[in-house]
Amino acid sequence: RQKLSIGLIPADGIGKEVIPAARTAIEAVGSDIPKTEFIDLEAGWETFLRVGNALPDRTVEILKNDCNCALFGSVSSPSRKVAGYSSPIVALRKVLDLYANVRPVLSVSPNPDTPPAVDLIVVRENTECLYVKQEELKITENGKEARATRLITELASRRIGKMAFDLALARPREHLTVIHKSNVLSVTDGLFRETVRSVAELDAKYKDVTIAEQLVDSAVYRLFREPQIYDVMVAPNLYGDILSDAAAALVGSLGVVPSVNAGDSFVMGEPVHGSAPDIEGKNIANPVASIRSAALMLRHMDYIKAADRIDAAVDSVVREKQYLTPDLGGSAKTSEVVDAIVKRI
Ligand code: NAD
Ligand code: K
Ligand code: MN
């Protein structure tokens, strides 16, 4: 690549504080990536209030036509139904066919020589399950009745399975846990489980990956008791969403957990956390999740050296108490943490 065009979609709340931080970190890596251009793009609840559309066509077109990759912040979605509003992040994952949400959860050990207590990756299917959002409400003689469709396809389960096996193969332990609930949902989760397992049966290159299975409820339980048993976990959309927020609790804060939404031809970095309205505008949001998401995005595009430099800078900064934001028990400001990370990159 001669040039890198990165779409920036801060969206709402603390997204507007942490995405600029991620941009600064990318700018700091300089010549380890091609000449970079950033394109500011709109989406989110505030965009909806302003223009009546949470994901303007212009944003999608520029992402599709002009960007190599993107960074998304967080969106504030109302809990009640609002006519005309639909979450732009769910829509973006679909229109860009970003079928995998890859969420590494890593604890930072007090010194560089001790291995981290938690070091796992949640690989979440990103396009179907209950997130197809086909819900209906009807009135029956016994009152209201609501239904939702839960879609699991062989195609989506196979490609997420492949992504998970590839990630497992690249890690020292080469261990994959398939998360499901097929004791109850034998048709849908049964298809997910069997299809993911069949990926290894059909391709000899995965023969060294060890495979385990865990029902999603006990997976959460075991995650809290013995997180070290997990290496790569692959799950349908909803279970993956819940598991990765739970795993974030193990490493101190949602504010440090990054992700990428990845497809075959596009990747979008995104912190796992939401728009955090409770701390918005106070310069105390933890920028680590977003900065690590930028590194993960670059790593996914094979800019390994740039990604390593960002991650190493983050690792060294978060080992120092003076650079912990309030979510991690400290009193550092967002800007202080960003400055320290940029200096070390
Ligand atoms: P949240 O992730 O926004 O916040 C949960 C808690 O974690 C809050 O106490 C918050 O202050 C804290 N937190 C989150 N990120 C932090 C950071 N970087 N630094 C310090 N503290 C941080 O989840 P929520 O409160 O359930 O949802 C708030 C809004 O975000 C809702 O409108 C929800 O729909 C939206 N949301 C969006 C996304 C997304 O954009 N993909 C994901 C989750 C939630
Ligand atoms: K987010
Ligand atoms: Mn979530």
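**Loops, helices and the ligand shell**

Reply: With 13 C-beta neighbours inside 10 Å, Asn 283 counts as partly exposed. This and what follows come from a predicted model.

Me: Where does Asn 283 lie, and what is its phi near?
Reply: Asn 283 sits in the loop that runs between strand S12 (267-269) and helix H9 (288-300). Most residues other than glycine have a negative phi. Asn 283, a residue other than glycine, has a positive value instead, with phi near 60°.

Me: Which loop holds Glu 174, and is this residue buried, partly exposed or exposed?
Reply: Glu 174 also has a positive phi, of about 50°, although it is not a glycine. Its place is in the loop between helix H5 (154-169) and strand S8 (175-180).

Me: Which residues is Val 199 in contact with, leaving aside its neighbours within four places in sequence?
Reply: Val 199 belongs to helix H6 (residues 188-202), and it counts as buried because it has 23 C-beta neighbours inside 10 Å. Once neighbours within four places in sequence are left aside, the contacts of Val 199 are Arg 158, Gly 161, Lys 162, Phe 165 and Tyr 206.

Me: What separates the C-alpha atoms of Pro 227 and Asn 68?
Reply: Pro 227 is placed in the loop between H7 and strand S10 (232-235), and with 18 C-beta neighbours inside 10 Å it counts as partly exposed. Beyond its neighbours within four places in sequence, Pro 227 is in contact with Ala 117, Val 118, Leu 120 and Leu 250. Asn 68 lies 159 residues from Pro 227 along the chain, and the separation of their C-alpha atoms is 35 Å.

Me: At roughly what angle do the axes of helix H7 and helix H8 cross, and is the pair parallel or antiparallel?
Reply: The axes of helix H7 (residues 216-225) and helix H8 (residues 237-250) come within 10 Å and cross at roughly 10°. Angles under 35 degrees count as roughly parallel, so H7 is described as roughly parallel to H8.

Me: How many nonpolar, polar and charged residues has the contact of H7 with H8?
Reply: From H7, the residues Val 216, Ala 219, Val 220 and Leu 223 meet Tyr 239, Leu 243, Ala 246 and Ala 247 in H8. Sorted by class, the contact of H7 with H8 has eight nonpolar, no polar and no charged residues.

Me: Which residues come nearest to ligand 1?
Reply: The shell around ligand 1 divides into ten nonpolar, ten polar and two charged residues. Of the 22 residues around ligand 1, those that come nearest are Gly 255, His 273, Gly 274, Asn 286 and Asp 327.

Me: What is the radius of gyration of the protein chain?
Reply: The protein chain has eleven helices and twelve strands, and its C-alpha trace spans about 60 × 50 × 45 Å along its principal axes. Of its 345 residues, 47% count as buried. The globule rule gives 20 Å for 345 residues, so the chain is as compact as a globular protein of that length, with a radius of gyration of 20 Å.

Note on methods: Residues are numbered from 1 along each chain as its sequence is written. Chains are lettered from A and ligands numbered from 1 in the order in which they are written. This is a predicted model: local features need pLDDT of at least 70, side-chain atom pairs count only at pLDDT 80 or more; totals for chains, interfaces and linings use all residues. A residue is near a molecule or strand if its C-beta atom, placed from the backbone, lies within 6 Å of it. Ala, Val, Leu, Ile, Met, Phe, Trp, Tyr, Cys and Pro count as nonpolar, Asp, Glu, Lys and Arg as charged, and the others, Gly among them, as polar. Axes are lines fitted to C-alpha atoms, for helices over the stretch in contact, and angles run from 0 to 180 degrees between N-to-C directions. Helices (H or I, at least four residues) and strands (E, at least two) are DSSP runs, numbered from the N terminus. Angles under 35 degrees count as roughly parallel, over 145 as roughly antiparallel, 65 to 115 as roughly perpendicular and the rest as oblique. Two residues are in contact if their C-beta atoms, placed from the backbone, lie within 7 Å. The radius of gyration is taken over C-alpha atoms; the globule rule is 2.2 Å times the number of residues to the power 0.38. A residue is buried if 20 or more other C-beta atoms lie within 10 Å of its own, exposed if 12 or fewer, and partly exposed in between; C-beta atoms are placed from the backbone.
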